[in-house]
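Subject: Structure handover

Hello,

Here is the structure for your files. My notes on it come below.

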Amino acid sequence: MEYDLKITGGLVYDGEGSEPRKTNIGVRNGTIVAIGDCAGDARETLDATGHIVTPGFVDLHTHYDGQVSWDAGMQPSVNHGVSTVVMGSCGVGFAPVREADREKLIRLMEGVEDIPGIALAEGLTWDWETLPEYMDALDAKPHSIDFAVQVTHDPLRVYVMGDRAVCNEPATETDIAAMRKITREALEAGAIGFSTGRSDVHRSADGDWTPSSEATTEELSGIASAFAGLSHGTLQAVNDFDLEREGDAFDKEFDILESMAEAGEGRPFSLSLMQRDFAPDQWRRIIDRAEKAEAKGVHMRLQTAPRGIGVITGLQCTFHPFIGFPSYKAICDLPLEERVAKMKEAAFKAQILTEESETLAGDGTPVPPIVDALMAAIDYVASKTFLLGENPEYEQSAETSVLHMAQEKGVSSLEMIYDLLLEDDGQALLYFPIYNYTNMNFDNVFEMMSHPQSIMGLSDGGAHVGTICDSSFPSYLLTYWARDRARGGKIELAEAIRRLTSDIADYCGMADRGRIKVGLKANINVIDFDNLRLFAPRMVQDLPAGGQRLLQDAAGYRAVIVDGEMVLENDQLTGKNPGRLYRAGQQALESVA
């Protein structure tokens with residue numbers, strides 16, 4: 001037999017959690033056609049001796065909805081072995097859309113997901129109105145990796161309800177019927193699911209609630225009924241259960257989500273799971289309700305991260321502790337070099353350290369109230385703020401915190417942060433795990449990941465580009481949890497790979513990928529596992545209109561192969577772009593009225 005590509009001598013992990021075996025893989029026409037001796041010639045042979053070979057990773061929770069329309073590279077996900085991303089998380093996206101509403105959706109994505117509006121305005125091609133047109137437009141563009149599209153609640157609501165959608169008006173029966181019909185059409189065109197967002201932290205760039213945040217049970221259940229009779233499709237939600245409001249709304253909010261999941265008639269549902277400092281036991285309540293829902297036959301998974309959900313702060317970033325100080329606000333528009341020079345002046349430093357942060361949240365701003373609460377508790381923030389170093393260490397102790405540094409130096413936490421931000425000519429970055437680090441360790445993270453209903457997610461690839469850099473989650477799961485963690489629980493490598501591949505592919509109904517198996521799509525990683533490592537996040541200016549974003553590099557990816565073509569070789573993009581839109585279902589289906 002003749003092959004397009006032969007991968008030889010690697011330790012192959014099948015993606016199902018089985019023991020690995022040293023073997024060869026033959027690929028032809030983008031498909032795995034042989035595993036074993038693979039006798040015959042090949043146009044290209046990749047020697048994987050000393051490396052592990054895995055299925056390409058699938059990322060369940062990303063926000064490439066804008067970037068995918070202008071960027072072929074799909075970084076940073078491709079740099080971490082991801083060959084398929086699911087976009088359209090948290091209910092925010094860019095279709096369906098009327099021309100008059102484009103700016104609304106840009107402002108929404110800018111506020112909710114911290115993607116520069118100027119970059120979106122210049123980069124988005126807008127060669128679509130409907131969701132099927134959006135999918136067709138994206139599929140016609142080159143991409144390094146595959147992607148799947150979800151129906152997103154916010155643009156759907158705006159498309160159907162117009163200005164009423166952003167004034168928190170309840171949807172009428174007619175509105176709900178229209179949203180259900182559009183959702184069904186998108187699902188029949190290959191959309192992989194539907195997502196909604198109910199988080200008080202999520203605001204538009206103008207400080208408005210997201211259109212979907214106050215949707216009723218009737219609306220969500222009505223939309224979910226579009227899945228009736230389908231053999232594909234997932235439902236997804238993010239919810240902080242009204243933490244920033246008076247009273248305990250947990251059960252009421254969970255009831256709404258459970259009703260939506262039930263209306264989906266057996267289609268799988270996932271909900272974000274994390275530990276929040278202001279409600280440190282809420283994650284256990286989520287697990288308890290999810291277990292009870294599962295016992296009733298509601299297929300519910302909990303999206304879990306392998307480390308803290310970490311905010312990166314710095315003078316180049318969206319946030320840092322001085323953004324609300326009067327003296328800093330007076331110089332905030334200066335170029336970085338000039339800001340740093342001013343901040344190094346003794347008189348300027350002395351003045352700013354006498355000030356307090358002005359209120360940042362409120363009308364006209366996307367900043368949630370939690371930011372002001374954190375600014376008012378700077379010692380607490382400093383106690384959980386760390387330097388990551390060139391070999392980033394995410395599970396640190398109080399002894400390495402910025403607060404401890406300040407105490408040893410005999411200065412205030414604020415002054416210590418100030419000095420650290422000025423290091424490396426103002427390019428220094430500090431790490432603050434805002435979620436999943438209440439107990440100053442990852443023991444609870446391990447418990448979350450170990451739960452049978454957990455599923456890996458929450459990387460937010462393509463989003464929060466000025467504050468968060470968590471697209472490296474797959475690399476971190478492999479390096480830290482399967483190899484390096486010296487304390488507490490660990491995860492076997494075969495199991496870690498299963499969680500990144502077949503577990504997510506099966507949840508999404510992607511029967512053509514997620515395993516090293518004859519007949520499946522040749523999305524494959526070849527990894528130098530012993531030397532796999534992460535580098536510190538870095539800020540780059542490569543978005544449209546000069547917009548900036550955080551990237552985190554990895555070393556050790558000998559090859560990332562998509563559809564049989566090597567898109568990443570020795571950690572560098574090759575310029576090949578075989579990535580395509582994954583169209584779910586595609587069988588003829590009876591329409592929903």
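This is a predicted model: local features need pLDDT of at least 70, side-chain atom pairs count only at pLDDT 80 or more; totals for chains, interfaces and linings use all residues.

Buried helix. Helix 4 spans residues 153-161, and eight of its nine residues are buried, so the helix is largely enclosed by the rest of the structure. The buried ones are H153, D154, P155, L156, R157, V158, Y159 and M161. Their packing partners are helix 1 (102-113), strand 9 (150-152), helix 5 (173-188), strand 10 (193-198) and helix 6 (217-224). Directly after helix 4 comes G162, with a positive phi near 60°.

Helix pair. Two packed helices are described by the angle between their axes and the distance between the axes. For helix 14 (residues 402-409) and helix 15 (residues 413-421), the angle is about 105° and the axes are 9 Å apart. Angles of 65 to 115 degrees count as roughly perpendicular, so helix 14 is roughly perpendicular to helix 15. Helix 14 contributes V402, L403, M405, A406 and K409 to the contact, and helix 15 contributes S413, M416, I417, D419 and L420. Sorted by class, this contact has seven nonpolar, one polar and two charged residues.

At least two lining residues come from each of helix 16 (423-426), strand 15 (430-435) and strand 19 (538-540). The lining has eleven nonpolar, three polar and four charged residues.

Backbone details. Most residues other than glycine have a negative phi, and most peptide bonds are trans. The following depart from that pattern.

- The peptide bond from Q75 to P76 is cis, with omega near 10°. P76 sits in the loop between strand 6 (57-59) and strand 7 (82-86).
- A95 and P96 are also joined by a cis peptide bond, with omega about -5°. P96 belongs to the loop between strand 7 and helix 1.
- M440 has a positive phi, near 60°. This residue is in the loop between strand 15 and helix 17 (443-450), and its relative accessible area of 22% makes it partly exposed.
- L458 has a positive phi as well, near 70°. The loop between strand 16 (454-456) and helix 18 (473-484) contains L458. Buried means under 20% relative accessible area, so L458, at 6%, counts as buried.

Regards

Methods: Residues are numbered from 1 along each chain as its sequence is written. Side-chain values use heavy atoms; hydrogens and water are left out. Helices (H or I, at least four residues) and strands (E, at least two) are DSSP runs, numbered from the N terminus. Ala, Val, Leu, Ile, Met, Phe, Trp, Tyr, Cys and Pro count as nonpolar, Asp, Glu, Lys and Arg as charged, and the others, Gly among them, as polar. Axes are lines fitted to C-alpha atoms, for helices over the stretch in contact, and angles run from 0 to 180 degrees between N-to-C directions. Angles under 35 degrees count as roughly parallel, over 145 as roughly antiparallel, 65 to 115 as roughly perpendicular and the rest as oblique. Contact means heavy atoms within 4.5 Å. Buried means under 20% relative accessible area, exposed over 50%, partly exposed in between (1.4 Å probe, protein chains only).
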